[in-house]
Amino acid sequence: MRLERVAAHVPDGARLADIGSDHAYLPVALMRRGGIATAVAGEVAMTPFNAAQRTVRDNDLEQQVSVRLANGLAAIEPADGITAISICGMGGETIRDILEAGKARLSGQERLILQPNGGEQPLRQWLMDNGYRIVGEELLRENRFDYEIIVAEQDGPVTYSAEQLYFGPLQMQARNPAFLAKWQSILQRKQQTLASFARARHSVPEDKVQQVARQARWITELLA
Ligand SMILES: C[S@@+](CC[C@H](N)C(=O)[O-])C[C@H]1O[C@@H](n2cnc3c(N)ncnc32)[C@H](O)[C@@H]1O
């Protein structure tokens, strides 16, 4: 279901690079249904790299899906003509670091389809700092976990407020029930954290207290 929702944001006929592909389920599923033209499945670790090769071989897709052992965007070359990059199932900071380290390999024409597990704020910050507009956002719940999908395209300078970077600019606008429920439960946790900080006042750095208090205030305002 999570990868199905990611797949829905990959444009028809894309030349896809799926970075951190693990079993290569996403590029193989898209290729099998004719949704993409070609794909690179990049993996940094040997066991998932082998698993990706096996999935591609079992589906007779060696000509269409190229499995590469590489760190981040080092998996792609200009000759691949990549038009969409998916990076899914990792922390937002890890996704940000992969994009930052591989910046020189981005043409700016690719659509980014990112599915961070936490760390959305620093990832959105990177997108803004690098001229990417968030063109799609989705929140989904699977096995009691909330997952976010962030779709971005580079189209010049864009400015998001601190709150938009924290909540997601499009989700903030749409205010759908899953989004509000997620932030309601985060607010409860923030309030518990603040109460525990108050009990241990002297051992918690003041800037940490201020940060959590600011976030709790933003969430309260969002839900008002
Ligand atoms: C939890 S799995 C997610 C797999 C798949 N993308 C998904 O969403 O189901 C994360 C994968 O990313 C790979 N990975 C982590 N850092 C990477 C990097 N810098 N370059 C390539 N792959 C990476 C890991 O080896 C692991 O197989």
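Helices (H or I, at least four residues) and strands (E, at least two) are DSSP runs, numbered from the N terminus. This is a predicted model: local features need pLDDT of at least 70, side-chain atom pairs count only at pLDDT 80 or more, and totals for chains, interfaces and linings use all residues. Residue numbers start from 1 along each chain as its sequence is written.

**View 1. The shell around the ligand.** Strand E2 (36–43), strand E4 (84–90) and helix H4 (92–101) each supply at least two residues of this shell. E4 gives the most, with 3 residues. The ligand is surrounded by 17 residues, counted as near if the C-beta atom, placed from the backbone, lies within 6 Å. Gly-20, Asp-22, Val-44, Cys-88 and Gly-89 are the closest. The shell has 8 nonpolar, 7 polar and 2 charged residues. Here Ala, Val, Leu, Ile, Met, Phe, Trp, Tyr, Cys and Pro count as nonpolar, Asp, Glu, Lys and Arg as charged, and the others, Gly among them, as polar.

**View 2. The open sheet.** Its 7 strands run in the order E3-E2-E1-E4-E5-E7-E6, with mixed pairing. Strand E3 (65–69) and strand E6 (132–142) each have a single partner strand, so one side of each is left without a neighbour in the sheet. Two strands pair if DSSP finds at least two bridges between them.

**View 3. E2 beside E3.** These strands pair in the parallel sense over 5 bridges. Ala-39 has Val-65 of E3 as its bridge partner.

**View 4. The two domains.** Domain 1 covers 2–157 and domain 2 covers 179–223; the bounds come from an automatic or database domain assignment. Their centres, taken over C-alpha atoms, are 32 Å apart.
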